[in-house]
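Please walk me through this structure in the viewer. Tell me what to select at each stop and what is there.

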Amino acid sequence: MRVERTGRIERISGPLVVARDMEFARLHEVVRVGEKKLIGEIIELHGDRAAIQVYEETTGLKPDEPVISLGQALSVVLGPGLIGSIYDGLQRPLSVLREKVGDFVARGVTAPRLDHQRRWSFQPTVKPGQQVQAGDILGELPETPVITHRVMVPPHIARATVVQIESGDYTIEEPVAVLKSGEEEIPVFLVQEWRVRLPRPIRRRLEPEIPLVTGQRVIDTFFPLLKGGTACVPGPFGSGKTVVQHQIAKWADAQVIVYIGCGERGNEMTDVLQEFPELIDPYSGRPLMERTILIANTSNMPVAAREASIYTGITMAEYYRDMGYHVAVMADSTSRWAEALREISGRLEEMPGEEGYPAYLASRIAEFYERSGRVVCLGGEEREGSVSIIGAVSPPGGDLSDPVVQATLRVVKVFWSLDDRLAYERHFPAINWLTSYSLYDRPFDRALESQHLKSAVQDRHQAMALLEEEDELKEIVRLVGLEALSAQQRLVLRTARAIREDFLHQNAFDPADTYTSLKKQALLLRTIMFWHEQALEALQEGLPPEALFQLPFWEELARAKTIPEDKIQQFEQLQDKIRQQIQEVVYQHKQAANRVEHAVSPEAEKESEQK
């Protein structure tokens with residue numbers, strides 16, 4: 001006779017519920033709480049008492065209501081149909097829930113995470129009798145026109161023999177293959193279930209070497225991110241964190257995008273949900289949603305679900321990485337997740353750390369970012385995949401000494417520091433070039449050289465040096481005025497201004513400027529640095545800097561960033577024009593100087609006539 005594994009609610013404290021008679025329970029086990037069967041997870045055990053964080057609103061719960069154990073950890077269902085879907089933090093499909101209960105998600109409501117009726121056209125890549133191991137690809141099916149879904153041997157099957165496998169149309173409930181491991185025959189389905197807190201296994205890690213091209217010049221040229229890398233985007237309110245993440249999600253050359261709206265404002269998440277289905281992928285010409293998964297967990301949803309959304313998103317990303325894809329994860333924002341940890345920790349009456357955050361905040365953040373990386377996937381073949389994580393952080397008042405920012409900076413290798421002053425000046429992306437950094441500089445330089453963009457390596461370092469020198473010179477100008485600067489120093493200010501306004505500033509609404517390829521970035525920066533080199537030579541010829549600053553090519557240089565990708569030969573024409581105009585003004589200056597040098601005074605001319 002089966003004994004029902006049920007406890008009773010003893011105490012309710014916001015999203016935290018304490019239940020008694022739970023001696024059978026295990027840590028991180030999923031339970032159904034109360035008469036409405038709210039979803040919860042056990043996060044602490046003391047004897048027969050279990051502390052449960054409930055992922056739904058607990059208003060209306062009463063003591064002594066039942067708590068039913070489901071006997072499994074918090075998991076996600078991984079299979080075809082994830083791409084193009086919109087989920088909440090618990091992997092409930094929001095589009096299905098809307099049809100079921102309307103615009104507002106009712107408590108305790110559930111829906112199938114993937115479509116159980118849809119049939120997928122499966123084509124095997126192995127034959128009966130073939131030996132396979134964990135991670136090997138058994139077959140493929142077209143999930144979207146741009147993503148091929150690869151059905152893999154589950155990680156828990158070390159070695160097996162293919163007994164049966166056939167092509168055909170299958171639902172996710174029908175086995176597509178049968179494997180034999182020892183004496184046991186194991187059916188393989190199109191889907192796998194995986195615990196969200198458990199990283200998926202890999203064969204080995206690789207050093208990040210391939211640039212993640214985002215099309216944003218300040219990022220790709222000065223503070224690059226590599227595939228498998230990690231980046232942090234902190235900034236105060238209104239500095240454009242969400243704008244930067246939207247741009248990266250739209251234009252990054254990752255094959256799969258997982259966008260996690262963790263505790264974000266509803267209107268910002270609405271923009272994502274409305275824009276992404278209408279956007280066209282620049283790499284395939286198809287709708288962007290055909291390679292995107294959206295997880296919407298807005299700020300008005302229960303705080304505990306924010307933690308679940310982070311782990312749900314990263315687990316989905318690892319699943320597509322294991323197929324051999326390069327995946328980019330946008331987490332916006334991890335500060336909201338940290339606030340959820342702080343609230344639950346306070347309800348548990350744990351000893352608070354800095355600013356009330358739990359003492360384990362840093363380890364939880366590190367645990368999340370360490371699931372990134374470029375790896376060799378499980379399986380007999382050398383199949384590479386990567387997960388890149390870009391996490392936004394929203395420190396109160398833009399204070400970068402906030403514990404969440406500091407804990408994040410200890411583990412990430414790229415820091416894009418957003419500046420609200422730049423945002424108020426309408427300079428986007430509002431990334432401060434003086435306080436940001438990337439620890440991927442050397443491998444990025446090698447990647448540029450391998451793409452025959454060797455000149456870009458020197459240009460980017462020289463341009464950054466000019467921007468740093470400009471900041472120092474501005475202090476001198478504030479104190480003693482522009483007249484105190486030498487001609488070379490005034491040239492530095494003019495070139496740095498061109499870098500800021502004509503290279504770093506980008507217009508997301510201009511189709512030619514919203515995305516810039518690495519080659520076009522290199523050519524645009526080379527044109528600016530070419531002007532600087534030619535102008536330095538002109539100054540050495542004695543030309544006053546004002547004559548250079550008034551040349552007619554400046555208007556054309558300001559419009560150069562809008563040159564279409566298929567017309568980048570215009571940059572060479574612009575460089576020729578810069579050289580020609582500078583040579584002309586230098587020649588005119590020399591001619592004028594010669595006339596002055598050889599001019600005869602009126603007295604000497606009169607005396608000569610008298611003789």
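## Charges over rings

Begin by selecting arginine 217 and phenylalanine 503: the arginine lies over the face of the phenylalanine ring, 5.8 Å from the ring centre. The model you are looking at is predicted. For another case, select arginine 150 and tyrosine 325. Here arginine 150 is placed over the face of tyrosine 325, at 4.6 Å from the ring centre.

## The whole chain

Now zoom out and show the chain as a cartoon. It has 17 helices and 26 strands. Along the principal axes, its C-alpha atoms fill a box of roughly 140 × 55 × 40 Å. Of the 611 residues in the chain, 54% are buried.

## Pairs of rings

Next, show the aromatic side chains. The count of aromatic pairs comes to 12. Select phenylalanine 122 and tyrosine 170, whose ring centres are 6.1 Å apart; the planes stand at 80°, so this pair is edge-to-face.

Move on to phenylalanine 222 and phenylalanine 223. They form a tilted aromatic pair, with 6.4 Å from centre to centre and 50° between the planes. Phenylalanine 222 and phenylalanine 223 are both buried.

Then select Tyr311, Trp337, Phe368 and Tyr369 together. Ring pairs link these residues into a cluster.

## The cavities

Rolling a probe the size of a water molecule over the atoms shows where empty space is left. How many cavities of 30 Å³ or more does the structure hold? There are 2.

The largest cavity contains about 70 Å³ of space. To find it, select the residues that line it: Asp220, Thr221, Phe444, Leu448, Leu453, Ala456, Arg460, Leu518, Gln521, Ala522 and Leu525. Colour the helices to see where the lining comes from. At least two lining residues are supplied by each of helix 2 (217-222), helix 10 (441-450), helix 11 (454-480) and helix 13 (518-540). Which helix gives the most? Helix 13 does, with 4 residues. Coloured by residue type, the lining of the largest cavity divides into 7 nonpolar, 2 polar and 2 charged residues.

For the second largest cavity, select Gly135, Met152, Val153, Pro155, Gln192, Arg200, Pro201, Asp322, Leu378 and Arg383, which line it. Its volume is about 60 Å³. This lining has 5 nonpolar, 2 polar and 3 charged residues.

## The cysteines

For the last stop, show the cysteine side chains. A disulfide is a covalent bond between the sulfur atoms of two cysteines. How many disulfides does a search of the whole structure find? The search finds 0. Select cysteine 232 and cysteine 262 to see one reason. The closest cysteine sulfur to that of cysteine 232 is in cysteine 262, and it is 14 Å away, too far for a bond; the cut-off for a disulfide is 2.5 Å. Cysteine 232 is buried, because its relative accessible area is 0%. Finish with cysteine 377, which also counts as buried, at 0% relative accessibility.

Terms used: Residues are numbered from 1 along each chain as its sequence is written. Side-chain values use heavy atoms; hydrogens and water are left out. On a 1 Å grid over the protein atoms alone, a cavity is a set of points where a 1.4 Å probe fits but cannot get out, and a pocket is an open set with protein on both sides within 12 Å along at least five of seven lines; lining residues have an atom within 4 Å of a point. Grid points are joined across faces, edges and corners, and a volume is the space filled by probe spheres set on the points. Ala, Val, Leu, Ile, Met, Phe, Trp, Tyr, Cys and Pro count as nonpolar, Asp, Glu, Lys and Arg as charged, and the others, Gly among them, as polar. Buried means under 20% relative accessible area, exposed over 50%, partly exposed in between (1.4 Å probe, protein chains only). Rings of Phe, Tyr and Trp (its six-membered ring) pair if their centres lie within 6.5 Å; planes under 30 degrees apart count as stacked, over 60 as edge-to-face and the rest as tilted. A charge sits over a ring if NZ of Lys or CZ of Arg is within 6 Å of the ring centre and within 35 degrees of the ring normal.
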